[in-house]
Each structure stands twice: as structure tokens, then as C-alpha cells.
Amino acid sequence: MSREPRVECRGPTQSAPLDDLNPRSSALGRYVSIYAALLKNSVAREMGFKSNFLMWIVVELLWFALQVSFIVVIFQHTENIGDWTQWEVVLLIGASQFIQQIFQTFFLSNCTQLSELIRVGKLDFMLLLPINSRFIISLRQVDLGGLVNAGTALMVMVYAGKQLHLVPDAWQIAGFVFLTGAGILIHYSLMFLLASVSFWTVRAQGIVWGYYSLFNIARMPDAAFRGWFKAVFTFAIPMLLVSNVPVKLLVQRLSSPADILLLLGMSLACLAVSEVGWRFSVRHYTSASS
Amino acid sequence: MIAVNKYWHVVNIGIQNTLTYRVNFLFRSVFGLIPLFATLSLWRAIFEGRQTSVAGHTLASMVSYYLVVTIVDALTAVNEDDWQIATDIKDGNISQFLLKPIDYLTYRLCLFGAGRLVYTAVAFLPVALFIVVQRNSFVLPATGAIWSWFLLSVAMTALLQFFLSYTMALLAFWVLEVSTFIFVVFAFEYIAGGHLFPLDILPPALLKFLYFTPFPYQLFFPVNIYLGRTTGVALYQGLCIQMFWVAAAYLLARFVWHKGITKYGAVGG
């Protein structure tokens, strides 16, 4: 799917929440208040294009329905895929959509816009701000439509869970949320790393687009894969862990905590690699314009 | 003769312009193979440990299906053209075409053809390698006649895809953001055209209904000709219907253009 990043529109610039920048306020509090200002900006911007905002939600919903109907059609002809049953796979699709949408809400457009920031020279301005550069570049926009879509995904998950007669206890839910966070961290780290390539080539678009095809793998049951493909997408690009492990926790199919540890370990590793890549890129950055 | 010459230049320009995107195309085709491989693995897992076929498909024919889909898609899919057309309208760039003795639809069709040519050339290597790896399941058309019917149908598929995308992009005369509309239509093409799975695994009633829409003729139909699953009367009938859809899409494109140009205000031109 060749999705262009959305048109960037400048919202009203509000600086009010930055008033309390006195040195005594804690660093964390400062970042929280900055993020609140960014969030407020994003809401204002989205509401400026209401019908567009709603249309994007419809588009995402349609593509999600398409994924689910693919599974429903397949299960007209088979009882299971590996050791996964129909509703388990629907739960998996829901979970992977949930993870993807949360990732989209907070990170995706910021990552895809990095190449544009570099091309027009706006990155210089970002780097000069008295704030962690990676923080402001990764989080400056919030895509609220993603939250709505994540809600739909959650409803599909609940429905699938009902079909499976799942009654998760509080620990399972907490564990699921935690592992989901690790999955989002993996998506973010890898996407940010890919976006950093645009320091060298302006046409990083193709690469960023390519990441979209990886989402397709995240929603597949891991039992469908073996050999080198499974190894690559578990240990190098851990797509087969991102949503499979949290769902397996919910349906109690984890025989040992090894998978959980692997997911957590891989998410930290991805974050570390992306940080190294980012620092390396910034060190070699020579401004584009001016 | 002069007219042919003129548009031949456009094709040339198109080839040179799209050549700058060759690395992008390479990434696109290589990355595109990853989900393809994943889908094939999914079907392998489904066929594993079962003797029966899935709606008449064996594992080999299923794999062939997806491989031929990839080839037809490389040859016919509209990729950047609709965005560019919409941008031309939005930014007022089409004003210059209104002043020149050039037909915008033919002009865009030439660029589309050039783009497909370059894309196919770039994607050839990764896709061919992939097919070699899967060669056990890959079949070539049985006869020369099938080859020619297949190529004819692919050409019509390309035209159909182009005219429909062109019409969608012309919505930019009326709305500011056409991308959402394009994605909605794309979603239907994706599932009802047979990208996601061969349409004949659907319930027969649903399949019958789909054949009343243009979607199967945008991908599923030529692939089926290639695989020798559409033959005899059904083949000729299908080709006629496909021709009908191409003509209808062409007329629609002309009509919408006419309406749009009447309304056009040359913003920013």
C-alpha cells in the first residue's frame, strides 16, 4: 500500500504551557508539560480538517475489515492454521491492529516526516531547541484517528475472546498491556531507524513504505512459519513476536516464559540499536538548506 | 503521424522521470516479496497434513496463483499516477495542458505506460529470483493461444486500472483530499480483485455477484486465463465483458473530465 504521509499543516502555535520553565521544576515535569502542549496542538490541527479526519478512520476501518474477512474466508476451508484456531487468529489480528494503531497514533507520522524535515532544513531548528532532539522529533504530533481505530480493534478482540470463552485474570490483562508496550517499542525503534536513513538519501520514502509490508507479518500466526524466515523475523526483525506473544499470553498457550523474555529483550535491543543509529546519523548531519 | 510522435516524446520523458525512482521501485518490489512469502507460508501451513484440495486448489496451484498475481500486478498496477493527477489539479498545473494541443488523458496514459515499463524492468530481477526459488509450483501457460489471450487480457486490465484511477483522481476537481477516496476504492480492488486470495474460494453465490462488478477483471480474470482455469466459452465471454468494462471506464473518465473542467477554477495556476 503506497501511503503518502499526510499533508503537514501548521496548527496554531501555543506557548502557554511552557511558561513554567523555571529551573526548579523537575525535568520530567517539564517534558510532560511540553507533551501536553504538543497534544493540544495536534487536537487543534485535526479538528481543522474534521471530514478528512473521519474519512481516514473509515479507510483504516475498511482495511481492518478486509484483514478479518481474509481470515474468515480461509477458515471456511480449514479448521486451523498450525495450532491456531479461527478465533485465536481473529484475536491475533485484533491485537496486531491494536498495536499498529497505537504506534500510528504516537509515532508513525513523526517518523515518516523526518525526511521532509531534513529536506526543507527544519531539522536544524529542532536540533537547536533546548530539549532532547529525539523526544521532540519522535513525539511532536499525535494522530488521534489511531486511537479510535485502536478502540475498534479492541472491540474485535473482546468479541473473539468471548467466542473463545476467555476469562483473563487481572495479571493476564496487565501482562498483555505490558507486552503490547514492548511491541510498540519495537515498531517505533525499527521505524525510527529506517527513517534515519533519510539523512543519507532524501528518497527514504520507499524504505519507510516498506515497513508497511512488515506489519503484514506481525498479524500472521507464528505457526505458519519455519526455517530461516522464522529466524529472521524473530531474532533480527522481531515481527513474529510483536503481537503473537501477547496473544499467546491471553489464550494461555505460553509453555514457558522464554517467549516473554525474548520479546522484552528484543524490544530493548531494537531501542538500543535505533539510538546508536540515530546518534551516528545526527553526528554526520550537515544541514540541507542555508 | 505528428500526434504519435508527440506522445512518443511523452513516453520518453516518462521513462526518464521514473528512472530517478528506480531505487525506490527496487525497494518496493523487494519489500513486496516479504508479505507474499508470508502468505505462501500461511497456505503451506493450511495444506499441511490434508489430502483434500481447497475449493479445487492444490498447494501448487495456490502458489502459482500468487506468483502470477505478482507479475500481473507489476505490469498493470497504478502506483503514483493518481496522486500526481490529483496534485496537478489541486496546484493548478493542468492549466498548461488546457492551453497546449495535448490531450491530458493520453498524456497521462503515456506516462503510466512508461512507469509500468520501468517498474517491470526493475522488479524483474527480484521477482524472477523469487519465482526460481518457488519453481516447483510455478507453471507456464500450456499453449501459445493461452499466452496471447493472457497478454490481451493483461493489456485490458492495465487500461481498466488506469481509467478507474484516473477517474478517481479527477475527484480532486471537487474535493481537497482525494487520497481517502482512492484508498477506499483500493481496498475493494484489493479484496474483490483477488489480491488477497483467489476469488474462487469464496462461496459460489458471492463469486457470481462479484462477476457483475469490474473488480475481478482488474486482476483475477487474466490470472485465471494464465493458469488455464478459464477456457472455452467462458474465456471469450469474459474477454467481451472485460472489453465492456474498459470502454465504460474510458467513457466515465472522459465524462468526469468534461464535468470537472467545466467547474475548474485554475487555483494558483
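Biologist: How many residue pairs are in polar contact across the interface of chain B and chain A?
Modeller: This is a predicted model, and across that interface there are three residue pairs in polar contact, counting pairs with both residues at pLDDT 80 or more.

Biologist: Which helices of chain B supply residues to the side that touches chain A?
Modeller: Helix H2 (22-47) and helix H8 (179-192) of chain B each supply at least two residues to that side. H2(B) gives the most, with 14 residues.

Biologist: And what classes of residue are on that side of chain B?
Modeller: There are 27 nonpolar, seven polar and five charged residues on the side of chain B that touches chain A.

Biologist: What area is buried between the two chains?
Modeller: About 3500 Å² is buried between chain B and chain A, and carbon and sulfur atoms give 76% of that. B:Phe31, B:Leu42 and B:Phe183 supply 18% of the area that chain B buries against chain A, more than any other three residues.

Biologist: Which side chains meet in a salt bridge between the chains?
Modeller: A:Arg226 and B:Glu48 do, at 3.4 Å from N to O. The count between chain B and chain A is one salt bridge.

Biologist: Why can side chains pair like that?
Modeller: Side chains of opposite charge can pair when their charged atoms come close.

Biologist: OK, new topic. How many helices and strands are in chain B?
Modeller: Chain B has eleven helices and zero strands.

Biologist: How compact is chain B for its length?
Modeller: Its radius of gyration is 20 Å, close to the 18 Å that the globule rule gives for 269 residues, so chain B is as compact as a globular protein of that length. Of those 269 residues, 53% count as buried.

Biologist: Back to salt bridges: what does B:Asp88 pair with?
Modeller: B:Asp88 forms a salt bridge with B:Arg108, with the closest N and O atoms 3.6 Å apart. B:Asp88 is in helix H4 (residues 81-90) and B:Arg108 in helix H6 (residues 104-133) of chain B, 20 residues apart.

Biologist: Are those two buried or exposed?
Modeller: B:Asp88 is buried, because its relative accessible area is 13% and the cut-off for buried is under 20%. B:Arg108 counts as buried too, at 3%.

Biologist: And how far apart in sequence are the parts that B:Arg254 and B:Asp103 tie together?
Modeller: They are 151 residues apart, because B:Arg254 lies in helix H11 (residues 232-263) and B:Asp103 in the loop between helix H5 (95-99) and H6 of chain B. Their side chains meet in a salt bridge at 3.0 Å, N to O.

Technical notes
Residues are numbered from 1 along each chain as its sequence is written. Chains are lettered from A and ligands numbered from 1 in the order in which they are written. This is a predicted model: local features need pLDDT of at least 70, side-chain atom pairs count only at pLDDT 80 or more; totals for chains, interfaces and linings use all residues. Side-chain values use heavy atoms; hydrogens and water are left out. Buried area is the accessible area (1.4 Å probe) that two parts lose on being put together, summed over both. A salt bridge is a side-chain nitrogen of Lys or Arg within 4 Å of a carboxyl oxygen of Asp or Glu. A polar contact is a pair of N or O atoms within 3.5 Å; within protein, one must be able to donate a hydrogen and the other to accept it, and residues adjacent in sequence count only if both atoms are side-chain atoms. Helices (H or I, at least four residues) and strands (E, at least two) are DSSP runs, numbered from the N terminus. Ala, Val, Leu, Ile, Met, Phe, Trp, Tyr, Cys and Pro count as nonpolar, Asp, Glu, Lys and Arg as charged, and the others, Gly among them, as polar. The radius of gyration is taken over C-alpha atoms; the globule rule is 2.2 Å times the number of residues to the power 0.38. Buried means under 20% relative accessible area, exposed over 50%, partly exposed in between (1.4 Å probe, protein chains only).
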